[in-house]
Amino acid sequence: MSSEVPKLPGMMVHRFCVGKAKRKDKSNGKEMETLKDEGLQGNETIEEAILGLQKEPTPELLAHVLTVIRRRMKEGGQAILSVEPPSGDDQIRIGTVKSADGKVWWAAFTSFDEELKGAGSVKSTFLVSLEQLIHMASETKEISGVIFNPWNRTIMLDHTLLSIIIGEENAGH
């Protein structure tokens, strides 16, 4: 299942990276160079906040995650958005995942590492600003929201949580 991609200025097909970062390989402890796009630098704070919420799911830690996402959004941070290739109608569609309750969510990632944990289930991606993604998802009623990192450091942002991130007065519509 998928949704058509609305026209977004600044959205680009993304299969390359700019810049390098060093990280330790957990299996052997050696430093490895990994490619990292500049717009994704800083998203580790989102992943760390989500991990904290997963360990201890409290309203306070949920509020912290939303604050971290809002901060990254205001800093001009970006996310990786899953897309599906055109199928007959030449329309690119945003990749979706279906939750156990049957709800449909857009799939987005905070890093290439998170995207790769899907074991090849994501074929194509766009790099998009967090602000565009969050606003676009909050206005798209055909979906339940956005799932960041569906395979690991996961958070499901429904329309209420998206509205809170945006800072709308009457969150939840």
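**Strand pairing, cores and buried serines in a predicted model**

Phe109 is buried, with a relative accessible area of 0%; buried stands for under 20% relative accessible area, exposed for over 50% and partly exposed for the range in between, with a 1.4 Å probe and protein chains only. The model is predicted, and local features need pLDDT of at least 70, side-chain atom pairs count only at pLDDT 80 or more, and totals for chains, interfaces and linings use all residues. Residues are numbered from 1 along each chain as its sequence is written, and side-chain values use heavy atoms, with hydrogens and water left out.

The protein chain contains five helices and ten strands, taken as DSSP runs numbered from the N terminus (helices H or I, at least four residues; strands E, at least two). Of its 173 residues, 45% count as buried. The accessible surface of the chain is about 9400 Å², and carbon and sulfur atoms make up 53% of this area; the areas come from the Shrake-Rupley method with a 1.4 Å probe, and for residues only the protein chains shown count as cover. Among contacts (heavy atoms within 4.5 Å) with a separation of 6 or more, 65% are between residues 24 or more positions apart.

One aromatic pair was found under the criterion that ring centres of Phe, Tyr and Trp (its six-membered ring) lie within 6.5 Å, with planes under 30 degrees apart counted as stacked, over 60 as edge-to-face and the rest as tilted. The pair consists of Phe109 and Trp151 and is stacked, at 5.4 Å centre to centre and 10 degrees between the planes. Phe109 belongs to strand S7, whereas Trp151 is in the loop between S9 and strand S10 (155-158), so that the pair links parts of the chain 42 residues apart. In contrast to the buried Phe109, Trp151 is partly exposed at 37% relative accessibility.

Strand S7 (residues 104-109) pairs with S6 in the antiparallel sense over three bridges, where pairing requires at least two DSSP bridges between two strands. Val104 in S7 is the bridge partner of Lys98. The hairpin of S6 and S7 has five residues between the strands, and Gly102 there adopts a positive phi near 90 degrees. S6 (residues 93-98) also pairs with S5 (residues 78-84), again in the antiparallel sense, over two bridges; Val83 stands opposite Ile94 in S6.

Ser99 lies in the loop between S6 and S7 and is buried at 15% relative accessible area. Its side chain makes a polar contact of 3.1 Å with that of Trp105; such a contact is a pair of N or O atoms within 3.5 Å, where within protein one must be able to donate a hydrogen and the other to accept it, and residues adjacent in sequence count only if both atoms are side-chain atoms. Beyond four places in sequence, Ser99 is in contact with Trp105 and Met156.

Ser144 is placed in the loop between helix H4 (130-139) and strand S9 (145-148) and is buried, at 18%.

The largest nonpolar core has 31 residues, and Leu81, Trp106, Leu133, Phe148 and Leu157 have the most contacts inside it. A nonpolar core is a set of buried Ala, Val, Leu, Ile, Met, Phe, Trp, Tyr and Cys residues joined through side-chain atoms within 4.5 Å. A second, separate core of five residues includes Ile80, Phe109, Phe112 and Leu127.
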